[in-house]
Amino acid sequence: MTHTLSGKVALVTGGARGIGAAIAKAFAAEGAAVAITYHEHGAEASSVVADVVAAGSRIAAIKADVATEEDATASVRETVARFGALDILVNNAGVILEKPLLETTTADFDWLMSINLRGTFMTGREAIRHMVSAGSGRVVNIASDLGYFGREQFSVYCASKAAILNLTKSWAKEFAPNILVNAIAPGPIDTDMLDLANMSPEWRKKEEMIPMARIGQPKEVAAAAVFLAGPSASFMTGQTIDPNGGSVMP
Ligand SMILES: NC(=O)c1ccc[n+]([C@@H]2O[C@H](COP(=O)([O-])OP(=O)(O)OC[C@H]3O[C@@H](n4cnc5c(N)ncnc54)[C@H](O)[C@@H]3O)[C@@H](O)[C@H]2O)c1
């Protein structure tokens, strides 16, 4: 079996569960040494570490809040200190907010943007600083299909993801050809964020009203991340891959 990420070092923010954990495990299975950050999910982070170590790969869990500048920069520094390099950053950490606009406070807006957008900006800037000195690197930003089409009661989340799609293109232009920056915009994926167990049957039906008529799995997003981080994506920058079951065809 070929290991497409052998010798590479990756940092996955919010890698304790869901899509981030699937990406961390997939990168490790492809031969990368992986650092994951976690904020509140320490037990889940330990379980990802145990799984990856049991599979014979190298992994470190770093406690870091992406919304805090000191933590965001420290997570990059610690990854380099631990594994000697940083070749791949996945900006995955994110939160969602379902609220009618007229009930959404400025504090709600600042909270969500500080994690989804400012967190991506701060971790990305620090990682790219390192990649510029190293002369190469890959950045993969996790956006959402909602970043294309918006959704009632989710406007702040949708706006944060639309901004991530745009930031991806600007960074791609600014740092080509040595640092390749791409995004993934998943459709509905079975994680705690989607909360299928507590979703009403009507809403679940709505989520499944896409051409593939099902909700995706985290590993189906991880496959896109492995591609974008690996040698096969050597002519890809400023692009978005859409594992979304056909929910939107941008
Ligand atoms: N699940 C979906 O349907 C879906 C669809 C499109 C995009 N996404 C995006 O995928 C990414 C991962 O989401 P998920 O579905 O795995 O949800 P999740 O809630 O399981 O995972 C989110 C992760 O982000 C971490 N996180 C949250 N705030 C943080 C902070 N301040 N600092 C560090 N880490 C923090 C959480 O601890 C968690 O590990 C998010 O950016 C999300 O917006 C998810």
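Helices are DSSP runs of H or I with at least four residues, strands are DSSP runs of E with at least two, and both are numbered from the N terminus. The structure discussed here is a predicted model.

## Two loop residues with positive phi

Q153 belongs to the loop that lies between α6 (146-149) and α7. Its phi is positive, about 70°, although Q153 is not a glycine. With 14 other C-beta atoms within 10 Å, Q153 is partly exposed, because that class covers the counts between the limit for exposed, 12 or fewer, and the limit for buried, 20 or more.

A213 is found in the loop between α8 (201-207) and α9. This residue is not a glycine either, and its phi is positive at about 50°. A213 has 10 C-beta neighbours inside 10 Å and therefore counts as exposed.

The peptide bond that joins A176 and P177 is cis, with omega at about 5°. P177 sits in the loop between α7 and β6.

## Strands β1 and β2

Strand β1 covers residues 9-12 and is joined to β2 by four bridges, the two strands running parallel. One of the pairs links V9 to A33, its bridge partner in β2.

Strand β2 (residues 33-38) has six of its six residues buried, so the rest of the structure largely encloses β2. In a regular strand, side chains alternate between the two faces of the sheet. In β2, A33, A35 and T37 point one way, while V34, I36 and Y38 point the other way, and all of them are buried.

## Strand β5 and its two partners

Strand β4 (residues 88-91) and β5 are paired in the parallel sense over four bridges, and the bridge partner of I88 in β5 is R138. β5 is also joined to strand β6 (residues 179-184), again running parallel, by six bridges. Here G137 has I179 as its bridge partner in β6.

Is β5 buried or exposed? Six of the six residues of β5 are buried, so this strand is largely enclosed by the rest of the structure. Both of its faces are covered, with G137, V139 and N141 buried on one side and R138, V140 and I142 buried on the other.

## V139 within β5

V139 is one of the residues of strand β5. It counts as buried because it has 26 C-beta neighbours inside 10 Å, and the cut-off for a buried residue is 20 or more.

Which residues does V139 contact, leaving aside its neighbours within four places in sequence? They are L89, G124, A127, I128, W171, I179 and V181. L89 and V139 are 50 residues apart in sequence, yet their C-alpha atoms are 4.8 Å apart in space.

## Helices α1 and α9

Helix α1 (residues 18-29) packs against helix α9 (residues 218-229) at an angle of about 50°, and the axes are 8 Å apart. The two helices are therefore oblique to each other. The crossing in which α1 passes α9 is right-handed.

On the α1 side, the contact is made by G18, I19, A22, I23, A26 and F27; on the α9 side, by P218, K219, V221, A222, A225, V226 and A229. Sorted by class, the residues of this contact between α1 and α9 are eleven nonpolar, one polar and one charged.

## Helices α4 and α7

Helix α4 (residues 106-116) and helix α7 (residues 155-175) have axes that come within 10 Å and cross at roughly 30°. That makes α4 roughly parallel to α7, since angles under 35 degrees are counted in that class. The crossing of α4 past α7 is right-handed.

Which residues of α4 and α7 meet? From α4 they are D108, F109, L112, M113 and N116, and from α7 they are V156, Y157 and S160. This contact of α4 with α7 consists of five nonpolar residues, two polar ones and one charged one.

Note on methods. Residues are numbered from 1 along each chain as its sequence is written. This is a predicted model: local features need pLDDT of at least 70, side-chain atom pairs count only at pLDDT 80 or more; totals for chains, interfaces and linings use all residues. Axes are lines fitted to C-alpha atoms, for helices over the stretch in contact, and angles run from 0 to 180 degrees between N-to-C directions. Angles under 35 degrees count as roughly parallel, over 145 as roughly antiparallel, 65 to 115 as roughly perpendicular and the rest as oblique. A crossing is left-handed if the near helix is turned anticlockwise from the far one by less than a right angle, and right-handed if clockwise. Two residues are in contact if their C-beta atoms, placed from the backbone, lie within 7 Å. Ala, Val, Leu, Ile, Met, Phe, Trp, Tyr, Cys and Pro count as nonpolar, Asp, Glu, Lys and Arg as charged, and the others, Gly among them, as polar. Two strands pair if DSSP finds at least two bridges between them.
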